[in-house]
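The sequence and structure come first.

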Amino acid sequence: MLADDERRRRELVTMLGAGGMSVEMGAVGGALGTLADAGLFRIGAVLVGTQAFGAIANMLGVRFELQSLRTADVDLGHP
């Protein structure tokens, strides 16, 4: 069942990327998934930085140059 869910998510991400949305590399997605599974977001952590910027751009329908959206880290804020 998990393999089916993961495969479907990969298909959806591929389609979104083909449609012009900013998508993250698998390693970043895996790191964010691990942080979420550990409960960080439930206790108040907030995603900031590159990934948050890309997500907001996607929600607004804005496209940026790929180079302006890439760093090699994940930034989190907390209260």
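Helices (H or I, at least four residues) and strands (E, at least two) are DSSP runs, numbered from the N terminus. The model is predicted: local features need pLDDT of at least 70, side-chain atom pairs count only at pLDDT 80 or more, and totals for chains, interfaces and linings use all residues. Residues are numbered from 1 along each chain as its sequence is written, and side-chain values use heavy atoms, with hydrogens and water left out.

Side chains of opposite charge can pair when their charged atoms come close. A salt bridge here is a side-chain nitrogen of Lys or Arg within 4 Å of a carboxyl oxygen of Asp or Glu. By this rule there are 3 salt bridges.

| Pair | N to O distance |
|---|---|
| Asp 4 and Arg 7 | 2.6 Å |
| Arg 10 and Glu 6 | 2.6 Å |
| Glu 11 and Arg 8 | 3.2 Å |

Asp 4 and Arg 7 lie 3 residues apart in helix α1 (residues 2–18), so about one helical turn separates them. Arg 10 and Glu 6 are 4 residues apart in helix α1, again about one helical turn. For Glu 11 and Arg 8, the spacing in helix α1 is 3 residues, or about one helical turn.

Accessibility is classed as buried (under 20% relative accessible area), exposed (over 50%) or partly exposed (in between), using a 1.4 Å probe and protein chains only. Arg 10 is exposed at 55%, while Glu 6 is partly exposed at 36%. In the remaining pair, Glu 11 is partly exposed at 36% and Arg 8 is partly exposed at 43%.
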